[in-house]
Amino acid sequence: MSFLELTGLARRYGDFHAVSDVTLAMRQGEFVSLLGPSGCGKTTTLQMIAGFIEPTAGSVTIEGRDLTRVPANRRGIGIVFQSYALFPHMTVAANVAFGLEMRRVPRAERTERVGRALELVHLAHLAGRYPRQLSGGQQQRVALARALVIEPRLLLLDEPMSNLDAKLREDMQIELRRLQRSLGITTIMVTHDQNEAMAMSDRIAVMRAGRIVQIDTPEAAYEYPADDFASTFLGKSNNVPARVTGRSIALPGGLTLALPPGGPPAPQGEVLCSLRPEKLWMTEPGSGQLRATIRSRLFLGTHWLFQVDSDLGELLVYQQNTNRVPPAEGDVVGLDWHASSLRVLPAEPARLGH
Ligand SMILES: Nc1ncnc2c1ncn2[C@@H]1O[C@H](COP(=O)(O)OP(=O)(O)OP(=O)(O)O)[C@@H](O)[C@H]1O
Ligand SMILES: [Mg+2]
């Protein structure tokens, strides 16, 4: 039996479908991210699970018990809201202790657990401050400590690290994941940061316009995106209109390629042919499978990002920074890739069928 089951969860506001038919089964201890652009229904989905927004259809079940009509405070869920909503008149320590007091945890244990939780978010030294005396990122970490301290059976995190700087964010991702694993807390995290979703999750649910379009492990979602949207929301992709007949793919410019073996069965007819920019490499002009002209290049530290013109149209190409002199704007190069890097995506947006 799954630990958490969402079945056909939906929320309408008048004629507007904020969330439609969200179905998801999670095992105990699993970490799932809801990843998608602003307004796609991530917070609404989380709030329905937490019990703060009533679904217009569907159900939420934890360990076989239907919670759809159970009030939020009786669901045993820890939540970090997108706006962290700390109690302004309470110190950091008191904010974190609040949930434990409600649960009548004895004082000595309370003090110890609050200390540990604050330690975890690197805020032990600010225990006596009030929220207004903290930066946004510090407040966010208090909210995280407040949710973790009760060791909930289900943890819901709404962009819990959006206000942290890159370095702190990476540290927190690693620590949060370690803690989540060691305590075995089933966790759903909302984020629109693809790297965060990939680094932390057992599975990623890619959302668009109120629906889950794909749910997979980070590797599977990245290597086999369901459609155009998923391929460009999780990483970058060169998606070129093409036509599949049998095992042959006809591309613009008269280029014909063979369908790569493995992966899900490819659609036939009008499709999009997807090549990730890091799976292309530049060769001597006149060699490789395509001829391309460098239009622009961008230095990104670990690698260069090139924009090139080719018979397939404009393409993005990553090249690792190996200290070799990179091609310059206007240079002509060859482009090559392994046949197995090619993906065929449906021309129409994917919809997860249930
Ligand atoms: N009370 C409401 N009345 C009408 N529409 C609403 C209401 N709450 C949310 N919406 C709409 O539902 C959609 C989903 O909102 P939601 O807050 O779930 O998005 P989100 O994915 O969390 O976005 P973000 O990344 O910006 O936080 C949005 O288009 C929003 O405008
Ligand atoms: Mg939101």
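Arg-104 sits in the loop between helix H2 (92-102) and H3; helices (H or I, at least four residues) and strands (E, at least two) are DSSP runs, numbered from the N terminus. Its phi is positive, about 55 degrees, although Arg-104 is not a glycine. Arg-104 is exposed, with a relative accessible area of 74%. Here buried means under 20% relative accessible area, exposed over 50%, and partly exposed in between (1.4 Å probe, protein chains only).

This is a predicted model: local features need pLDDT of at least 70, side-chain atom pairs count only at pLDDT 80 or more, and totals for chains, interfaces and linings use all residues. Residues are numbered from 1 along each chain as its sequence is written, chains are lettered from A and ligands numbered from 1 in the order in which they are written, and side-chain values use heavy atoms, with hydrogens and water left out.

**Another positive phi**

- His-122 is in the loop between H3 and H4.
- The phi of His-122 is near 60 degrees, a positive value in a residue other than glycine.
- His-122 is partly exposed, at 37% relative accessible area.

**Helix H3**

- Helix H3 covers residues 107-120, and its 14 residues should span 20 Å at 1.5 Å a residue; the end C-alpha atoms are 20 Å apart, which agrees. The expected span is 1.5 Å times one less than the number of residues.
- Its buried residues are Arg-110, Arg-113, Val-114, Ala-117, Leu-118 and Leu-120.
- Seen down the axis of H3, these buried residues fall within an arc of 150 degrees, so they line one face of the helix. The arc is that of the directions from the helix axis to the C-beta atoms.
- Ala-108, Thr-111 and Glu-119 are exposed on the other side of H3.

**Helix H4**

- Helix H4 (residues 136-148) reaches 19 Å from its first C-alpha to its last, close to the 18 Å expected for its 13 residues at 1.5 Å a residue.
- H4 is mostly covered, with 11 of its 13 residues buried.
- Among the buried residues of H4 are Gln-138, Gln-140, Arg-141 and Arg-146.

**Ligand 1**

- The shell around ligand 1 holds 14 residues, and the closest are Ser-38, Gly-39, Lys-42, Thr-43 and Thr-44. A residue is near a molecule or strand if one of its heavy atoms lies within 4 Å of it.
- A side-chain N or O atom of Ser-38 is 2.6 Å from an oxygen atom of ligand 1.
- Gly-39 places a backbone N or O atom 2.8 Å from a ligand 1 oxygen.
- Thr-43 has a polar side-chain atom 2.8 Å from an oxygen atom of ligand 1.
- Taken alone, ligand 1 exposes 640 Å², and the protein buries 62% of that. Accessible areas come from the Shrake-Rupley method with a 1.4 Å probe; for residues, only the protein chains shown count as cover.
- Strand E2 (16-26) and helix H1 (42-50) are the elements that give two or more residues to this shell. H1 gives the most, with three residues.

**Two threonines**

- Thr-191 lies in strand E8 (residues 186-191) and counts as buried at 1% relative accessibility.
- The side chains of Thr-191 and Glu-196 make a polar contact at 3.3 Å. A polar contact is a pair of N or O atoms within 3.5 Å; within protein, one must be able to donate a hydrogen and the other to accept it, and residues adjacent in sequence count only if both atoms are side-chain atoms.
- Thr-217 is in the loop between strand E10 (211-216) and helix H7 (218-223), and counts as partly exposed at 34% relative accessibility.
- Thr-217 and Met-198 are 19 residues apart along the chain, with their C-alpha atoms separated by 8.4 Å.
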